[in-house]
Amino acid sequence: MAGKDQVASFNTSEISPPRIINLDNGDPTMFEAYWRKMDEKCSLVISGIQFLSYFSDTKDVCWYLEPKLEDEIKRLHRVVGNVSVEDYYVVVGTGSTQLLQAALYALCPSDGSNPVNVVSAVPYYSCYPELTGFLRSGLYEWKGDARIYDEGGPYIEFVTSPNNPDGSIREAIVKNGQGKLVHDLAYYWPQYTPITSCVGHEIMLFTLSKCTGHAGTRIGWALVKDKDVAKKMTEFNTISTIGVSKESQIRAAKILGLVSDSCLNPGLDNFFKHGKALMAERWEKLRKVVGQSGLFSLPQFPKGHCLFTGEFSTKAHPAFAWMKCNKEDIVDCEKFLRGFQILSRTGRRFGCNAKYVRISLVGKEEEFELFLEKLLAIQEEIFCTVANGWPWFTKEVQLVP
């Protein structure tokens, strides 16, 4: 056991190798092994004559949407049973980020005298304020926490369910009747949460990156009930990017088709079953490490009946861990972890205080295991220090490349 002098001169290199672990972003690389195994089944050839035109179907509301992608999107939702697709228009975007801005544009009157207020319940997705303010639009403006919003008048509420960052199932908060809702359902897939109902909201957003892990393909889609709203969302995408890459669309269609096939064909490795097993294993390991001390805490999730798997006691295994530091004198958990070469996203970005951080659980296995090692070592060091009455380590450490 180290003596007092040794503790006072403690350096993070004694805990683990000086390697930075970036758990700030949600780069979904944990599914690499599955897609490597499915490589040939997802391969496609694009000839030189394909996709010379901007247009896919001029009669469609979303005129650049490839019919095959629309078919596979609706097919997968029917297979999973997470949302209704009947009588919905599909608008495809360059990820759900573009679709969030398109929805804001579509839901705001062009002749309004004042900007429409945009809100979401704390902890809200950290990019909502940035997305809302980036264009400095006169159509809308960010107003923060939906739980304390009381201004009345028109508003737009983002409802993220399962929520990013804390994994909770959400409903709309503001109830004054003059608002419009955008449901961000990026994580409403069986690997992350039980599919407890088939929902049918006015606007529902999804992204390939969170569904299958193909973030680099940059495909998102919106299921939109109102035709005029779908037209305006398409108008926004037309003005900003003149549609969406056809190559990305047909690749996404191929991938979604294989996912649907894997759910229906016993001869294929079910993608969602594979993903759920990975997420469940990571959460079990993380809870075991965190449970060895009272330094950190994690949210608990209720059991639910999953309509997709048929299981009656399924718990959520979110893509992110919403972790709180319980030690009173650690007021900035992100800064504290950064001193140990662990990059996380501070709770302040989500409208909360700095004792919370969001930890990505969808990265590579090597990074996740190294994170657990560092977390365990941090807890053991602090527990040992406090138990012996020594001043525990508070010195800020510079990141080592």
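**Close-up views of a predicted model**

**View 1. Thr97, a residue in a helix.** Thr97 has its place in helix α4, which covers residues 95–107. Keep in mind as you look around that this is a predicted model. With a relative accessible area of 35%, Thr97 is partly exposed.

**View 2. Thr217, a buried residue in a loop.** Here we move to the loop between α6 (208–211) and β8 (220–224), where Thr217 is found. Is Thr217 buried or exposed? Its relative accessible area is 6%, so Thr217 is buried. Leaving aside neighbours within four places in sequence, Thr217 is in contact with Leu208, Ser248 and Arg251. With Arg251 there is also a polar contact, side chain to side chain, at 2.6 Å.

**View 3. A nonpolar patch on the surface.** Tyr54, Phe55 and Ile242 make a nonpolar surface patch of about 350 Å². Tyr54 lies in the loop between α2 (32–37) and α3 (67–80). This tyrosine is exposed, with a relative accessible area of 54%.

View 4. A disulfide is a covalent bond between the sulfur atoms of two cysteines. How many disulfides does the structure hold? The count is 0. Take Cys127, whose sulfur is 15 Å from the closest cysteine sulfur, in Cys352, which is too far for a bond. Cys127 is buried at 19% relative accessible area, and Cys306 is buried at 1%.

**View 5. A salt bridge between Glu86 and Arg78.** Glu86 and Arg78 form a salt bridge, with their closest N and O atoms 3.0 Å apart. Both partners are partly exposed: Glu86 has 43% relative accessibility, and Arg78 has 48%. A search of the whole structure finds 21 salt bridges.

**View 6. A network of salt bridges.** Glu281, Arg282, Lys285, Glu365 and Glu369 are linked in a network of salt bridges. Start with Lys285 and Glu281, whose closest N and O atoms are 3.7 Å apart. Both lie in helix α9 (residues 271–290), 4 residues apart, or about one turn of the helix. Next comes the salt bridge between Arg282 and Glu365, with the closest N and O atoms 3.0 Å apart. Arg282 is in helix α9 and Glu365 in helix α11 (residues 365–387), so this pair ties together parts that are 83 residues apart in sequence. Arg282 is buried, at 4% relative accessibility, whereas Glu365 is partly exposed, at 34%.

How values were computed
Residues numbered from 1 in each chain as written. Predicted model: local features only at pLDDT ≥ 70, side-chain atom pairs only at ≥ 80, totals over all residues. Heavy atoms only, no water. Helix = DSSP H or I, 4+ residues; strand = E, 2+ residues; numbered from the N terminus. Buried < 20%, exposed > 50% of the residue type's maximum accessible area, 1.4 Å probe, protein only. Polar contact = N/O pair within 3.5 Å; in protein donor to acceptor, adjacent residues only side chain to side chain. Contact = heavy atoms within 4.5 Å. Patch = residues over 30% accessible without salt bridge, like charges linked within 9 Å, V, L, I, M, F, W, Y side chains within 5 Å. Areas by Shrake-Rupley, 256 points an atom, 1.4 Å probe, with all protein chains shown as cover. Salt bridge = Lys/Arg side-chain N within 4 Å of Asp/Glu carboxyl O. Disulfide = S-S within 2.5 Å.
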